[in-house]
Amino acid sequence: MSAEATNPATAGPAVPPVPQALTASAAPAATRRKARPRLDLRRLGRAALLGSATRDKLPDAIGHVVEAHRAHHPDADIEPLRRAYVLAESSHRGQTRKSGEPYITHPLAVTLILAELGAETTTLTASLLHDTVEDTEVTLEQVREQFGEEVRYLVDGVTKLEKVDYGAAAEPETFRKMLVATGNDVRVMSIKLADRLHNMRTLGVMRPEKQARIAKVTRDVLIPLAERLGVQALKTELEDLVFAVLHPEEYARTRELIAENAARTGDPLAEVAEVVRGVLREADIPAEVLIRPRHFVSVHRVARKRGRLRGTDFGRLLVLVNEDADCYAVLGELHTCMTPVVSEFKDFIAVPKFNLYQSLHTAVALPQGRTDSPGGTPATARVVEVLIRTHQMHKVAEAGVVALGNPYAPAPDAPAHDASSAEGERVDPTRPGWLSRLLDWQRAAPDPDTFWSTLREDLAQDREITVFRPDGGTLGLPEGATCVDAAYAQYGEDAHACIGARVNGRLATLSTVLRDGDTVQLLMGQDPASEPSREWLDHAHTPAARIAIQRWLATHPGGGTHTDDGAAEPEAHGTAPAFRDGDSASPGAAGARPGAVPARPADAGGPRSRRADVLADRAGAAVRLAGCCTPVPPDEITGFAVRGGVVTVHRAGCAAVAHMKSLGRAEVGVRWGETAECRVTLVAESFGRPHLLADLTEAIALEGAEIVSATVEPPSQQRVRHTYTLELPDASRLPSLMRAMRDVPGVYDVSRAQHQTPAS
């Protein structure tokens with residue numbers, strides 16, 4: 001997996017060092033936490049020398065790993081680690097990295113990274129062995145025999161596919177395999193992230209073009225995965241390493257800024273930290289106040305946002321407490337004794353992030369005090385960002401899923417069968433919604449290139465929102481998702497029948513972008529032959545929606561914009577015209593979002609909508625009414641056979657009839673049955689005015705008609721064109737309905753829809 005990794009001693013970008021003066025200010029000596037000295041993991045590749053490894057003695061080389069492991073798990077059984085090291089060292093013996101170091105230093109370094117984060121023994125065992133199956137003669141069956149099925153699964157999950165077998169598709173297919181394995185055990189991705197971190201730390205002797213390629217994949221795929229799994233400790237360092245490779249000039253400038261700030265006399269963050277400690281002591285709230293320096297990429301972002309940096313911009317205060325309630329007590333004291341910056345407050349404890357992260361975020365401004373800039377200009381106020389969380393929240397914020405230990409170990413009092421589902425899949429309490437969605441759409445990705453490009457696009461959406469359904473359920477969607485995405489997230493491919501939505505009780509187009517906390521009611525058509533619009537691809541933000549729409553369009557050539565007749569007409573019988581991105585109501589139309597009129601929700605209950613009966617002179621043929629002219633009794637009608645044996649029924653005067661006759665289509669005899677219920681499409685033309693849409697829909701409702709769908713075109717010279725597809729209980733009521741619509745102030749014409757046939 002990592003045979004290409006090399007040592008930075010000879011060439012390449014330096015690992016971003018944090019200036020000593022900055023890190024030293026993290027906490028005053030009197031309040032600094034007493035802890036085991038943290039090892040410099042970046043030097044482990046050179047420092048880890050192989051020691052003796054007798055059968056009953058712990059090898060010297062993994063002493064650091066065991067020390068770090070027992071700091072988190074004092075009672076851990078280290079025998080599996082000893083045996084795993086012995087197997088890994090003997091298997092890799094004779095192999096070297098490009099730097100000339102023994103290859104075993106790489107799995108040792110990866111394992112130490114995970115041990116420092118608090119990974120449990122099984123993960124560390126698999127980490128020591130993670131390259132043995134790929135790079136040595138060891139087999140997965142041997143791993144299973146010596147270490148058990150869990151370790152075998154983890155090792156298999158991070159083992160690359162061979163380029164000999166997969167060619168150019170090896171890298172994307174390896175990631176697909178790894179993600180599928182992660183869906184069943186999140187520890188697979190933990191090992192992969194630590195593996196990539198050590199490879200990025202030791203990237204120096206690679207050719208520049210290869211460094212850039214590895215850094216780009218890290219940026220596009222692995223950093224977003226680290227963020228989504230909540231492993232901030234790995235994510236931030238990976239960001240800095242990628243920054244150094246891909247943007248060396250900006251990296252150098254940022255490094256200079258940090259060094260200049262570290263060289264100043266006095267630290268404004270330290271002064272504010274003392275003030276905060278005093279406030280909390282007076283309030284008798286036990287808390288630990290630390291300074292958390294920003295990493296390189298964070299400083300770079302702040303510099304681009306604010307221009308000139310203040311001393312307090314180089315870090316944030318971190319307040320650690322014991323209980324959740326103490327977090328809010330600290331917040332109250334800070335907001336009482338200092339001036340809060342209201343716009344900066346975020347509560348991720350009550351509403352955790354999708355990656356398990358919990359914390360209170362706030363910012364407070366202190367009055368003018370000492371000089372806060374190297375040039376000596378007095379600062380009018382010192383604004384300091386503050387993070388407030390419990391010690392456990394902090395552990396999870398740093399290590400994410402790694403901090404959860406073995407999520408598959410049953411509780412001591414749980415029945416043994418609870419560890420697995422009925423289908424044999426492990427119950428994974430940590431599998432987040434984004435991972436489940438990713439696993440769903442990747443199955444439908446037809447080829448490696450589509451999967452690879454879609455994966456990068458999906459992971460670029462690094463913030464998740466939660467929207468609520470009317471039944472109380474929730475949908476997790478990426479930021480920027482639309483009603484189209486919500487439809488496919490809730491209904492899968494049944495969302496092809498979606499005709500509109502209500503957002504927070506108000507009508508909305510399917511292109512409406514959803515916000516965190518919105519309530520979404522999706523309006524579904526009743527016709528099982530409904531089809532998606534090609535335009536939905538412009539509104540689909542999630543891979544699941546895009547792939548489902550593209551797959552339907554690929555299997556229905558000409559679908560989405562044309563009926564099976566070949567005439568460019570709205571969707572036929574029962575398939576309501578979709579709400580388009582350009583649709584909008586008249587200016588000032590109160591009470592509705594642009595372009596949307598409701599259909600009956602799919603969950604509204606009641607009998608299914610009926611259509612006027614049409615009998616065809618072709619035994620067993622399915623019949624549907626054309627959407628271009630929506631005939632109703634007693635219109636004179638004719639029919640044409642289309643693909644699938646369906647007979648499409650048109651009004652005799654419809655322009656599509658002449659067009660299809662010119663194409664040589666044979667007519668099929670059709671006649672009205674006894675049922676008087678019908679569906680009709682009406683076009684209302686009006687002058688724009690406030691409340692017009694509300695008045696029109698009220699007039700329609702008073703006539704007993706049910707709105708199936710509607711589109712409202714953008715106003716042109718203060719004129720607005722509305723198209724409504726309606727269900728009528730009796731076709732004889734159509735004339736009175738049209739009169740009622742004409743009587744609405746501002747409406748100057750109402751007519752039956754008549755689609756124009758394209759020129760031959």
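This is a predicted model: local features need pLDDT of at least 70, side-chain atom pairs count only at pLDDT 80 or more; totals for chains, interfaces and linings use all residues.
I'll start with helix α6, residues 121-128. Is α6 buried or exposed? Eight of its eight residues are buried, so the helix is largely enclosed by the rest of the structure. Those residues are Thr121, Thr122, Thr123, Leu124, Thr125, Ala126, Ser127 and Leu128. What do they pack against? The partners are α3 (63-72), α4 (79-92) and α5 (105-117), together with α8 (140-147), α9 (149-157) and α12 (187-201). At the N-terminal end of α6 there is a cap, Glu120. One of the side-chain oxygens of Glu120 sits 3.0 Å from the backbone nitrogen of Thr122.

Next, the sheet. Four strands form an open sheet in the order β13-β15-β14-β16, and the pairing is mixed. The edges are taken by β13 (623-625) and β16 (667-668); each has a single partner strand, so one side of each has no neighbour in the sheet. Strands β14, residues 637-641, and β15, residues 647-651, are antiparallel to one another and share five bridges. Within that pair, Ala641 lies opposite Val647 of β15.

Last, the cysteines. How many disulfides does a search of the whole structure find? The number is zero. As a reminder, a disulfide is a covalent bond between the sulfur atoms of two cysteines. Cys327 has a relative accessible area of 0% and is buried. Cys654, at 3%, also counts as buried, because the cut-off is under 20%.

That covers the helix, the sheet and the cysteines.

Definitions and conventions
Residues are numbered from 1 along each chain as its sequence is written. Side-chain values use heavy atoms; hydrogens and water are left out. Two strands pair if DSSP finds at least two bridges between them. Helices (H or I, at least four residues) and strands (E, at least two) are DSSP runs, numbered from the N terminus. A disulfide is a pair of cysteine sulfur atoms within 2.5 Å. Buried means under 20% relative accessible area, exposed over 50%, partly exposed in between (1.4 Å probe, protein chains only). Contact means heavy atoms within 4.5 Å. A polar contact is a pair of N or O atoms within 3.5 Å; within protein, one must be able to donate a hydrogen and the other to accept it, and residues adjacent in sequence count only if both atoms are side-chain atoms.
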